[in-house]
Amino acid sequence: MSKPRIILGVDPGTTIMGFGVLQIDGKKLTCLQLNELKLSKYDNHYVRLGHIYARTSELIATYSPDEMALEAPFFGKNVQSMLKLGRAQGVAIAAGIAHDLAVSEYSPRKIKMAITGNGNASKEQVAKMLQQILHLPELPKNLDATDGLAAAVCHYYNPSQGGEKNYSGWASFVQKEAHRVKK
């Protein structure tokens, strides 16, 4: 019998970092942790980054995940906000890499599509679908936590298990998607 696989999912943010820990045992999915790190109480951005790194490292030490999946920041109009989000994501990635984890990132649209079948789904729709898939008794008040868990579930559903897919041409597509080719 093989050891259960564990995926740490993170939704890095500058005011709230959502995270979830997903265990896969055969085809059974179990949520081991669903929570958030509130950072708004810290005025200094660098202190916030330190807390993101420390909490991510703590989760890795506690659950010994095999992989880490992150929600990539969406592109907004405010350049300063994007820079801060990018730093938060970079610090979470650095924590994963420092602990020798394979790290993958997914766009919010890809995550929503994997969970609900609709790339334009609301946070509430994603949370409700996760509640059904994982048999969660209740949802957190703040849905950043479910966004982190959704990244982990998306990673599990992604057949390539390595983030967004890239193809360099038809030969690459056929090689990576051989199961879809009719002979």
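**Helix packing and other local features**

Helix α3 makes a left-handed crossing with helix α4 (left-handed if the near helix is turned anticlockwise from the far one by less than a right angle, right-handed if clockwise). The contact (heavy atoms within 4.5 Å) involves Lys-112, Ile-115 and Thr-116 of α3 and Gln-125, Val-126, Met-129, Leu-130 and Ile-133 of α4. This is a predicted model, in which local features need pLDDT of at least 70, side-chain atom pairs count only at pLDDT 80 or more, and totals for chains, interfaces and linings use all residues. Residues are numbered from 1 along each chain as its sequence is written, and side-chain values use heavy atoms, with hydrogens and water left out.

Me: How are α3 and α4 oriented to each other?

Reply: Helices here are DSSP runs of H or I, at least four residues, and strands are runs of E, at least two, numbered from the N terminus. The axes, lines fitted to C-alpha atoms over the stretch in contact, with angles from 0 to 180 degrees between N-to-C directions, are 9 Å apart at about 45 degrees for α3 (residues 108-116) and α4 (residues 123-134). Angles under 35 degrees count as roughly parallel, over 145 as roughly antiparallel, 65 to 115 as roughly perpendicular and the rest as oblique. The two helices, α3 and α4, are therefore oblique.

Me: Is Gln-131 buried or exposed?

Reply: Gln-131 is part of helix α4. Buried means under 20% relative accessible area, exposed over 50%, and partly exposed in between, with a 1.4 Å probe and protein chains only. Because its relative accessibility is 17%, Gln-131 counts as buried.

Me: How far apart in space are Gln-131 and Thr-146, C-alpha to C-alpha?

Reply: Thr-146 lies in helix α5 (residues 144-157) and is buried, at 0% relative accessibility. Leaving aside neighbours within four places in sequence, Thr-146 contacts Leu-34, Ala-127, Leu-130, Leu-139 and Pro-140. Gln-131 and Thr-146 are 15 residues apart in sequence, and their C-alpha distance is 9.1 Å.

Me: Which residue is the bridge partner of Asp-25 in β3?

Reply: Strands β2 (residues 16-25) and β3 (residues 28-38) run antiparallel and are joined by ten bridges; strands pair if DSSP finds at least two bridges between them. Two residues separate the strands of this hairpin, where Gly-26 has a positive phi near 70 degrees. In β3, Asp-25 is bridged to Lys-28.
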